[in-house]
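Here is a friendly briefing to read with the model open beside you. Take the topics one by one, and find each residue in the picture as you go.

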Amino acid sequence: MDSKDNFSVQLLQALDNKSAWFDSVALPKLLENYRLHSSCVRNISDTLVKKSLIAPDPYKHDKKISGIVCPDSAEFSEGDRSAVIGLRLSDYDSMLDFLCNYFKFSVSNMDNGKIAKLMSLNNTFLWNSFSLNSPKANTRGLASLVAHAKTGADPLTSSLLNDSVSKSAKAITEINKTLTELADFQKEMYKGQIRKNVFEHPTFDRDNAFKSAQNLTAQIKKIIPAVLGKKSFNAELVGELVAEEFDNNKEERRKNVLEKLRVVEEKKVKKQNLVNTKDLLMDTISVIGALSPQLTSIIEKIKGNHSILESEHNTLFDKIKIIFRKAFNLQEPPVIYEVLEMDQATHAKRKVSINYNDFIANLERRNRVYTSFNSKKSPGYQRVYNIADDKILDFIKKQLSECQALSIQLAALDEYFKTKPSSQNKVRIRGIKIDLTAMKNTLIKINQRRADYVAYIEEQAQMKKLGITDAD
């Protein structure tokens, strides 16, 4: 290295520090963003499949992926939109799965060739300009299918799709920003490797090389294949390196390079142990909102099972009764299910009557309320936020109690539906045990949040009694 200055020493140390930062901070964060994006893409794909707007790729799991390959982006006819977008979205999802589970995110593995492929992959769908009028066929086609899926959809589905597109846009923005920074860094790494390996090579004639820019360029070009292997001579980057040695403004160039490589440590600000109790309570309200998809699934299955049972009452006498009620404008008699509820403490069973129509109506009302808690801007969420903390706590306790009782009723109703249909209809009955387990886990989480809030309030009250107003 040039003994006249320590620039090369500073540069190589800065490159090592920046490389370590990429491997330990920036690239793990990039992987997290890819995982978030992958989850969002899976949500979109599953919703489109569920609504029969695209078909699952039957060969998805047979495809072997060993490297970054971008899905096709060629134009297609409108009549082929569902089939083409379904296949391309499946290929894109598979590539994201490959990146999240098999690709090594490290400076040593991610040269500019792979970075370019990743940037191209990220542009398969333009999440930041997700529009029906997009000039890109893939984006335009997927945006059209998503818009179709939201037409007449329930609020939860529409919110899921909007949220997935929005989060994907943010994730891809962060990913592309990191990849651009890494691409710039790899250029500096290339120049650093020349300083480290070419300048120190036994055949490098230092005295002759540093006589002129032309001499230095010639020697680099001669030795570089022996020390950098497959890496070709990059005239532009070698030109930058030579300028850092011979230009009149070389000191400014060197300063800029070192500044670009400087790792900015995030300052850790000591936070006061002040907890916003309202936020604790509202976090619990948000968890209550997580019950809405579980209730949605349960309601759908119960209605389906009810229809199956009702279809068995189709005798001539049943038809006469229907005609008679219509003729005299009589209301339908209530459907009462006699179920066996199990006492959670004694495991004893007791017979309980459930009015089906009232029960379903109650479930749907409850579900609408819980769905509103999924958005902090919704009127339902804001109504709860604006009441006193103790009233919010009472509301949480009430929901816990009612949902626990409801889960017992649902379990009894599930058992009823499994035993009452005729033998040929039993196979059509859809169970809700998985949904009830998910519901139970959510209730446990809600109760834990409630307990944490109560414990914190009690602790603060005790500290106040002891005269402690601030603690580290």
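Phe204 is buried, because its relative accessibility is 8% and buried means under 20% relative accessible area, with exposed over 50% and partly exposed in between (1.4 Å probe, protein chains only). This is a predicted model, in which local features need pLDDT of at least 70 and side-chain atom pairs count only at pLDDT 80 or more, while totals for chains, interfaces and linings use all residues. Residues are numbered from 1 along each chain as its sequence is written, and side-chain values use heavy atoms, with hydrogens and water left out.

**Aromatic pairs**

- A pair of aromatic rings is described by the distance of the centres and the angle of the planes.
- Rings of Phe, Tyr and Trp (its six-membered ring) pair if their centres lie within 6.5 Å; planes under 30 degrees apart count as stacked, over 60 as edge-to-face and the rest as tilted.
- The structure has 19 aromatic pairs.
- One of them joins Phe204 and Phe210, edge-to-face, with 6.3 Å from centre to centre and 80 degrees between the planes.
- Phe210 is partly exposed, because its relative accessibility is 21%.
- Phe373 and Phe395 form an edge-to-face pair too, because their ring centres are 6.1 Å apart and their planes stand at 80 degrees.
- Phe373 sits in the loop between helix 13 (356-372) and helix 14 (379-385), and Phe395 sits in helix 15 (residues 389-419), so this pair ties together parts that are 22 residues apart in sequence.
- Helices here are DSSP runs (H or I, at least four residues), numbered from the N terminus.
- Is Phe373 buried or exposed? Phe373 is buried, at a relative accessible area of 2%, and Phe395 is partly exposed at 23%.
- Tyr34, Phe98, Tyr102, Phe103 and Phe105 are joined by ring pairs into a cluster.

**Charges over rings**

- A charge sits over a ring if NZ of Lys or CZ of Arg is within 6 Å of the ring centre and within 35 degrees of the ring normal.
- Lys221 lies over the face of Phe233, 5.5 Å from the ring centre.
- Over the ring of Tyr385 you will find the charged end of Lys278, at 5.3 Å from the centre.

**Salt bridges**

- A salt bridge is a side-chain nitrogen of Lys or Arg within 4 Å of a carboxyl oxygen of Asp or Glu, and the count comes to 23 salt bridges.
- Glu244 and Arg195 meet through their side chains in a salt bridge of 3.3 Å, N to O.
- Glu244 is in helix 8 (residues 235-246) and Arg195 in helix 5, so the pair links distant parts of the chain, 49 residues apart.
- Both Glu244 and Arg195 are buried.
- Glu244 and Arg195 also belong to a network of salt bridges, together with Glu188, Lys191, Glu240, Glu245, Arg254 and Lys260.
- Glu300 has a salt bridge to Arg430, with the closest N and O atoms 3.5 Å apart.
- This pair links distant parts of the chain, 130 residues apart: Glu300 is in helix 11 (residues 291-311), and Arg430 is in the loop between helix 16 (423-426) and helix 17 (433-465).
- Glu300 is partly exposed at a relative accessible area of 41%, and Arg430 is partly exposed at 38% relative accessibility.
- Glu402 and Lys398 form a salt bridge in which the closest N and O atoms are 3.9 Å apart.
- Glu402 and Lys398 are separated by about one helical turn, because they are 4 residues apart in helix 15.
- An α-helix has 3.6 residues a turn, so residues three or four places apart point the same way.

**Helix 5**

- The 44 residues of helix 5 should span 64 Å at 1.5 Å a residue, and its end C-alpha atoms are 63 Å apart, which agrees; the expected span is 1.5 Å times one less than the number of residues.
- Which residue caps the N-terminal end of helix 5? Asp154 does, with a side-chain oxygen 3.1 Å from the backbone nitrogen of Leu156.
- The side chains of Asp154 and Thr157 are joined by a polar contact of 2.8 Å (a pair of N or O atoms within 3.5 Å; within protein, one must be able to donate a hydrogen and the other to accept it, and residues adjacent in sequence count only if both atoms are side-chain atoms).
- Thr157 is in helix 5 and is buried, with a relative accessible area of 16%.
- Asn176 is found in helix 5 (residues 155-198) and is buried at 18%.
- Leaving aside neighbours within four places in sequence, Asn176 is in contact (heavy atoms within 4.5 Å) with Met119 and Asn122.

Notes. Helix = DSSP H or I, 4+ residues; strand = E, 2+ residues; numbered from the N terminus.
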